[in-house]
Amino acid sequence: MRFSAGDTSVDVVIGADNATTRDFLSMLPLTLPFEEFNGREKVGYLPRKLNTTGSPGSDPEDGDLVYFVPWGNLGFYYNAAGIGHDDQVIHIGTYQATAEQLRQLERDDVTITLAR
């Protein structure tokens with residue numbers, strides 16, 4: 001997937017074939033605002049909750065894109081230190097981005113598309 005805002009793009013490699021990932025991919029293309037959250041991640045709220053049936057929780061790491069079930073948001077983790085396994089945090093994929101690229105996601109609406 002590609003997350004694009006302004007002159008910046010962040011590619012995400014899909015990590016798992018599960019109901020949540022498939023449901024999210026079915027929504028693309030999609031445009032969302034993202035914002036800073038708690039010095040740990042950049043978050044964007046989806047227009048609806050995703051199907052989580054059978055999707056395992058995860059132990060998020062820096063560079064993970066996750067879906068947080070209670071709030072229905074995506075999160076780009078960049079400071080996951082001290083966060084353990086949580087059944088409500090579903091791994092979607094992994095990314096590599098600089099701090100500046102992640103900040104750019106806050107400045108403009110982010111368009112999410114499938115990248116080939």
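I began with the order of elements in the protein chain, which from the N terminus runs β-β-α-β-β-β-β-β-β-α-β, where helices (H or I, at least four residues) and strands (E, at least two) are DSSP runs numbered from the N terminus. I noted the radius of gyration, taken over C-alpha atoms, as 13 Å, close to the 13 Å that the globule rule (2.2 Å times the number of residues to the power 0.38) gives for 116 residues, so the chain is as compact as a globular protein of that length.

I recorded that this is a predicted model, in which local features need pLDDT of at least 70, side-chain atom pairs count only at pLDDT 80 or more, and totals for chains, interfaces and linings use all residues. Residues are numbered from 1 along each chain as its sequence is written, and side-chain values use heavy atoms, with hydrogens and water left out.

I then looked up aromatic pairs (rings of Phe, Tyr and Trp, its six-membered ring, with centres within 6.5 Å; planes under 30 degrees apart are stacked, over 60 edge-to-face, the rest tilted) and found six in the structure. The ring centres of Phe3 and Phe76 lie 4.9 Å apart with planes at 80 degrees, so this pair is edge-to-face. Phe3 sits in strand S1 (residues 2-5) and Phe76 in strand S7 (residues 73-77), 73 residues apart.

I checked burial next (buried is under 20% relative accessible area, exposed over 50%, partly exposed in between, with a 1.4 Å probe and protein chains only). Phe3 is buried at 0%, and Phe76 is buried at 0%. Phe3, Phe34, Phe76 and Tyr95 form one aromatic cluster.
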